[in-house]
Amino acid sequence: MKRISILSVCALLAACAATSTSVRGPSGLTFVHLNDTYRVGAVEDGNAGGFGRVVTVIRELQAIGRDVHILHGGDFLYPSLESQLWNGQQMVDAFNFMDAIAPMHVVAGNHEFDRRTPEHLINAIAASEFDWLGDNYRFNTGNPEADAALQKSFTVEHEGKTIGIFSLTAHADHGGNDRDYVPIDSDYLSIAEKMIEHFEFTGVDAIIGLTHLYMSQDLEVARLRAMHPTFVFVVGGHDHEPEFSQLSDDSAAVMKGASNARVIWTIDMEFDVAGLPVITTTNLSLDTTVLVDPDYRVLENKWRDQLLERFPFLEARVGTAALAMDVREAAVRSVESSWGNFIVDQMRKAFGEPAADLAFINGGTLRIDDTIENDIRFEDIGRTFGFSSFLRHTTVSGAEFRQIMEAGYRGDGGTQGYFPQVSGFRVCVDRSRNEGDRIVSLQVPTDGDWQEIESVQQYSLVVPDFLFGGGDGYQIPKDRPASLPASELKYLVLDAVLAAQAQGLEVGVAVDSQNRRFHELRESKQPCFID
Ligand SMILES: [Zn+2]
């Protein structure tokens with residue numbers, strides 16, 4: 001195993017955020033934080049992220065004498081190709097491996113509750129050796145052992161110091177799942193405050209938050225530090241790209257890593273002469289400079305072999321890509337994507353001829369987090385869709401459609417699962433305007449040209465059932481005839497790739513910079529749709 005010192009990794013990184021200049025000592029406490037992980041192995045063709053690299057980082061820290069605890073900000077049981085077979089048991093196995101090396105504490109994310117019934121969660125908990133933490137929710141699965149497994153007011157000990165960890169997950173109003181088997185309280189701030197006061201009362205030396213919430217909610221929780229000086233950081237999930245907010249007297253530090261452990265955080269904790277916690281935070285990009293732990297590789301290969309046993313056709317070539325298509329999350333969740341365009345174009349044809357006028361899909365449905373180039377393998381299609389996506393056909397007026405699409409352009413333009421990939425129209429957005437009023441132009445093809453969508457005209461629309469039901473904030477009218485969920489998108493895409501292959505055609509068209517489906521105005525004077 002190649003030895004890497006964390007400081008040298010830090011030196012290689014573009015962004016290393018340290019809240020103090022102290023150099024890591026040979027002993028002491030280090031938290032390693034990751035969140036939103038869906039693969040047993042690495043992503044980007046094995047070149048980025050993955051637990052095998054996390055294990056290497058942990059072993060290096062332990063080799064210099066650090067006491068390491070792993071924190072995970074949730075979202076791991078689903079969705080993925082493997083979870084469709086094993087319901088997250090492969091992730092539990094990977095977590096147990098890490099927990100055996102350093103104690104691992106996990107808050108559940110919304111994807112732990114993707115299933116409508118609790119059996120798979122009960123099985124996952126039964127197999128877990130790591131800690132499930134939760135202070136704003138409880139398990140109500142009907143299985144007493146599973147329900148009792150969730151730990152509240154959790155603490156860890158280090159050389160006579162006690163660190164309290166409160167943990168919060170997202171309610172259905174904030175991207176969570178609404179399930180009877182896991183009642184969730186959405187009053188995050190007051191629960192956090194109650195937990196902090198409880199920890200203070202019991203005399204802990206430091207308090208940290210482990211969350212699966214929106215960043216804005218984490219920042220609100222972090223401001224409780226103003227009254228509670230032992231409350232020092234919040235680490236979270238739900239976001240798939242790194243976040244950082246600095247520690248100050250008025251706010252705890254807030255950190256999130258990148259999905260699939262592409263970027264993780266280490267947080268060293270020391271105590272000053274007054275006994276207050278002092279932290280040093282570092283983000284690590286887990287790229288090819290960090291080797292995959294060889295023992296972990298055995299576990300990774302075991303699951304790969306089992307997958308190939310179940311799906312021997314997984315590596316079979318089903319088509320050919322016309323270009324390298326960037327399907328990494330950073331792409332499909334913020335910009336127009338060639339693979340996204342190909343997929344959404346198929347959706348319009350899902351209900352026969354004539355093709356529907358309009359279709360869109362949330363970028364968060366496209367889970368592969370990889371580049372598709374040269375051969376398109378069955379695995380590329382299987383991994384693109386981590387869960388089944390049945391489609392719905394309905395009708396909307398042009399005015400309604402403009403309003404529906406506003407939901408896709410809320411926020412600051414960072415990567416978001418709700419960002420839409422679109423077909424049958426093009427849209428120009430100005431984020432300097434208020435949310436709900438950001439679409440400058442939404443055009444449909446008319447007589448070989450583009451024209452603004454007609455407010456009163458009716459248009460046929462195809463969307464995944466998830467969005468039809470109000471997922472990701474899209475409000476699609478229900479007061480009119482609509483199809484039942486039909487046509488599984490994964491097989492529609494496979495069919496289209498196979499059809500192209502049969503005709504000797506390649507799949508994918510480069511995004512046309514002179515005719516974008518999605519265009520964001522950087523300055524209001526700029527023309528829409530053209531770079
Ligand atoms: Zn989430």
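Q: Which strands do the buried residues of H13 pack against?
A: They pack against E16 (358-362), E19 (390-397), E20 (420-423), E22 (439-446) and E24 (458-464). Packing here is contact, meaning heavy atoms within 4.5 Å. Helices (H or I, at least four residues) and strands (E, at least two) are DSSP runs, numbered from the N terminus.

Q: And how far can I trust this?
A: This is a predicted model, where local features need pLDDT of at least 70, side-chain atom pairs count only at 80 or more, and totals for chains, interfaces and linings use all residues. Numbering starts from 1 along each chain as its sequence is written, and side-chain values use heavy atoms, without hydrogens and water.

Q: OK. Which residues of H13 are buried?
A: Gly 398, Phe 401, Ile 404, Met 405 and Glu 406. Buried is under 20% relative accessible area, exposed over 50%, partly exposed in between (1.4 Å probe, protein chains only). H13 itself covers residues 398-406.

Q: Switching topic. What coordinates the zinc ion?
A: Asp 75 (OD), Asn 110 (OD1), His 212 (NE2) and His 238 (ND1) do, at 2.1 to 2.2 Å. Donors are N, O and S atoms within 2.8 Å of the metal (3.2 Å for Na, K and Ca); water is not among the atoms, so sites may look incomplete.

Q: How are the donors spaced along the chain?
A: The pattern is D-x34-N-x101-H-x25-H. Asn 110 and His 212 link distant parts of the chain, 102 residues apart. Asn 110 sits in the loop between strand E3 (104-107) and helix H5 (119-127). His 212 belongs to strand E8 (residues 206-212).

Q: Are Asn 110 and His 212 buried or exposed?
A: Asn 110 is buried, and His 212 is too.

Q: Now Val 507. Where is that?
A: Val 507 lies in the loop between helix H15 (489-502) and strand E26 (518-520). Val 507 counts as buried because its relative accessibility is 1%.

Q: What is Val 507 in contact with?
A: Beyond neighbours within four places in sequence, the partners of Val 507 include Thr 320, Leu 323, Met 325, Trp 339, Phe 342 and Ile 376. Phe 342 is 165 residues from Val 507 along the chain, yet their C-alpha atoms are separated by 7.8 Å.

Q: Last one, Arg 310. Where is its place?
A: Arg 310 is in helix H9. Its relative accessibility is 47%, so Arg 310 counts as partly exposed.

Q: And what does Arg 310 touch?
A: Leu 85 and Trp 86, leaving out residues up to four places away in sequence. Leu 85 and Arg 310 are 225 residues apart in sequence and 8.7 Å apart in space, C-alpha to C-alpha.
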